[in-house]
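This report looks at a few local features of one protein model. Please view the sequence and the structure before reading on.

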Amino acid sequence: MDMLNKLNIYQIEKRAYINGEYVDASDGKVISKTLSFDGREFSGIAACSKEDVDKAVASAKAVYESGVWSKKTPSERKEILLKLADLMEEHLEELALLDTFETGRAYINYSRDSLPKAIEAVRYFAEAVDKLYDESIPVRGTDTAVIKKVPLGVVGLITPWNDPMVVTAWKFAPALLMGNAVVLKPAEQSSLSAICLGKLTKEAGIPDGVFNVVPGYGEEAGKELALHKDVRGVFFTGSAEIGKKIMEYAGQSNMKRVALECGGKGPYIVSDKCNRIAEAAVVLAKNMFYNQGQICSAPSRAIIHKSVYDEFISVLKSESSKYIPGYSFDETNEVGCVVSREQFDKVNRYIELASEEGADVFRPTVTKDKPEGAYCISPAILENVNNDMRIAREEIFGPVLAVIKVDSMEEAISIANDSEYGLAGAVWTDDVNEAFDLTNRMDAGLVHLNSYGNDDNSSPFGGVKQSGIGKDKSVHAFDKYCDSKTIWMHF
Ligand code: NAI
Ligand code: MG
C-alpha cells in the first residue's frame, strides 16, 4: 500500500511550539527544501530566528523558576512521561509518516524499529527516575553532608535527521525527568515529528513552557540556542564539525554544559579465529546498509583477516543485494532514500573518490522501482582499501563500506584505533583470549563481541576522541541533565 495517501488524513502542523502554543516564526520565515523520496518541493515549516529562540528560552525560564515542573516529585514526572510514551504509541503511524515524508527513510523502518525504540527509551527513563538516590557522606562527629542532584534549568537540545525521534527521546526524556525545561531545535531536514511532539506533551500534562520546539536552520536557530546566556546546557547530536562549534559557542557565552555525539567510522574486525564468518557478514550488511548507512554507529570499516577474507566478502556481497533502496512509502520496502540532495551528492562523490584513490567498487546489480527524482543509493562495497585513504578516514554517512584486508589481529587493532573517531565497533572471534584482548584495546565507547547493535537502553551510548563527549542512554544519562550540589551540615 502507498502509505503516503494516509498522510493526508493528518493535519500537518508546521509551526514552532512555544509556551504551549503553535506559532509562526516571528519574521514569517519558513524552511524550503526538496524532499528525497520523490524530489518534490516542500516548504512552510517555521524557520525560527533569534527572536523566537529568545521567546522560547524566556518562557522555559519562567516556568522553570515557577516550580510547577521542577518541584514536582520524580514519580509525578514519571507518570506524565509514561503518559507521553502512550500518546507517542497512539500517534506512532502519524509520527512515522511525518519522518518518512521528510527524510525518505523507509516507512516500515520507522514504524517497526525506530519509533518503537524512541517510545521504549521514554518508558525506560520514566521508570528509572524514581529509583535514583542522592548521596551522603559518612557522619564526621557533628558534621555530615548530602550531595544532591539538582536540575540545570533551561536546556537546549539540537538533534539530527538520521533517526529523529530516537535521538530526541534519548535527550528530552532524561532532561525533563530531572526537572529541566527544554528548548528543542530539530534538524531542518526532520522537524515535523518534533513539532507533533509538542501537542502530545501538552496532552500528557507537561505544563506550558516546559517543552518548546524551535524548528529552523542550524546557523540561525541552533546557533542562537547554543549561544543563549539563559541556557545552562546544550546537548547535541550531529557532525563533528558542528560539535566543535557548539563548544565554541558555550565558551563565547556562559560556559554552559556541553555534550556531543558526533559520529564515527566504526571498525568491524573479523579474526581468522572466528568460526561464524557467514554470520559476521550477514550482521555487518544489516547494520551497515539498513538506513542507507545514515547511522553514526554504522560499522563502516570492515577489517578482515586475509585467511577468511574470500568467504566473508562473498557472503557480504550477496547480502548487500537485500538492501536495495526503493519507494519510501511502500510497506514492502525496508530501505528508502538518503535524506537530501546534498547528502546524495556527498555520498556519490565519495564513491567516485574511492575509484580515484585506487579502491575497487562493488555494487549489487539488482534495482527496485522508485519515483523519478528519488535520492536512492544502492550499497557500495569498497575493496583494496588502505586506512590512509580518505574513504577509510572520513564519515561518509551513506551505504558505503570500506573493506581492509589484514595479515594479523595486531595489524587489525592498530588500524581500528587509527581514526579520529571512536564511537562503536565490533570484534568477531571465537578465541577467548583474543576476544578479551581486542575488545579491551579497541578505542571506542561501545564495543560489540560477535554481534552488532544488540545493545539496549541500559547501555551508555557515546564515543571517545572526536566522536564526542558525554553519553546518551542508561541511568548514567541522568547525570548529564543535573548538577551536583553539596549541603554540608554542622549540628
Ligand atoms: P549538522 O551537524 O550540520 O546538523 C546537526 C544539527 O545541528 C542540526 O539540527 C542542525 O540544524 C544543527 N546545526 C548545524 N549548524 C549549526 C550551528 N552552526 N549551530 C548550531 N546548530 C547547528 O549535520 P548535517 O549537515 O545535517 O550532516 C552533515 C554530516 O554530519 C553527515 O554527512 C554526517 O556525516 C554527519 N552527521 C552525523 C550524525 C550523527 O548521528 N552523529 C547525524 C547527522 C549528521
Ligand atoms: Mg551541516
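## A buried serine

A polar contact is a pair of N or O atoms within 3.5 Å. In this predicted model, the side chain of Ser-36 makes such a contact, reaching the backbone oxygen of Val-338 at 2.8 Å.

Ser-36 sits in the loop that joins strand 3 (30-34) to strand 4 (41-46). With a relative accessible area of 0%, Ser-36 is buried. Leaving aside residues up to four places away in sequence, Ser-36 touches Thr-103, Gly-104, Cys-337, Val-338, Val-339, Ser-340, Gly-373, Ala-374 and Tyr-375.

## Helices 4 and 5

Two packed helices are described by the angle between their axes and the distance between the axes. For helix 4 (residues 92-103) and helix 5 (residues 107-129), the angle is about 120° and the axes are 9 Å apart. Helix 4 is therefore oblique to helix 5.

The two helices cross in a right-handed sense. Helix 4 contributes residues including Leu-92, Leu-95, Ala-96 and Thr-103 to the contact, and helix 5 contributes residues including Tyr-107, Tyr-110, Leu-115 and Ile-119.

## Helix 15 and its two sides

Helix 15 covers residues 432-441, and Glu-434, Ala-435 and Leu-438 are buried in it. Down the helix axis, these buried residues fall within an arc of 100°, so they line one face of helix 15. Among the elements that cover them are helix 14 (409-417), strand 18 (424-428) and strand 19 (446-449).

The face turned away from the buried side carries exposed residues: Val-432, Asn-433, Phe-436 and Asn-440. At the start of helix 15, a side-chain oxygen of Asp-431 comes to within 2.9 Å of the backbone nitrogen of Asn-433.

Conventions
Residues are numbered from 1 along each chain as its sequence is written. Chains are lettered from A and ligands numbered from 1 in the order in which they are written. This is a predicted model: local features need pLDDT of at least 70, side-chain atom pairs count only at pLDDT 80 or more; totals for chains, interfaces and linings use all residues. Side-chain values use heavy atoms; hydrogens and water are left out. Buried means under 20% relative accessible area, exposed over 50%, partly exposed in between (1.4 Å probe, protein chains only). Helices (H or I, at least four residues) and strands (E, at least two) are DSSP runs, numbered from the N terminus. The arc is that of the directions from the helix axis to the C-beta atoms. Contact means heavy atoms within 4.5 Å. A polar contact is a pair of N or O atoms within 3.5 Å; within protein, one must be able to donate a hydrogen and the other to accept it, and residues adjacent in sequence count only if both atoms are side-chain atoms. Axes are lines fitted to C-alpha atoms, for helices over the stretch in contact, and angles run from 0 to 180 degrees between N-to-C directions. Angles under 35 degrees count as roughly parallel, over 145 as roughly antiparallel, 65 to 115 as roughly perpendicular and the rest as oblique. A crossing is left-handed if the near helix is turned anticlockwise from the far one by less than a right angle, and right-handed if clockwise.
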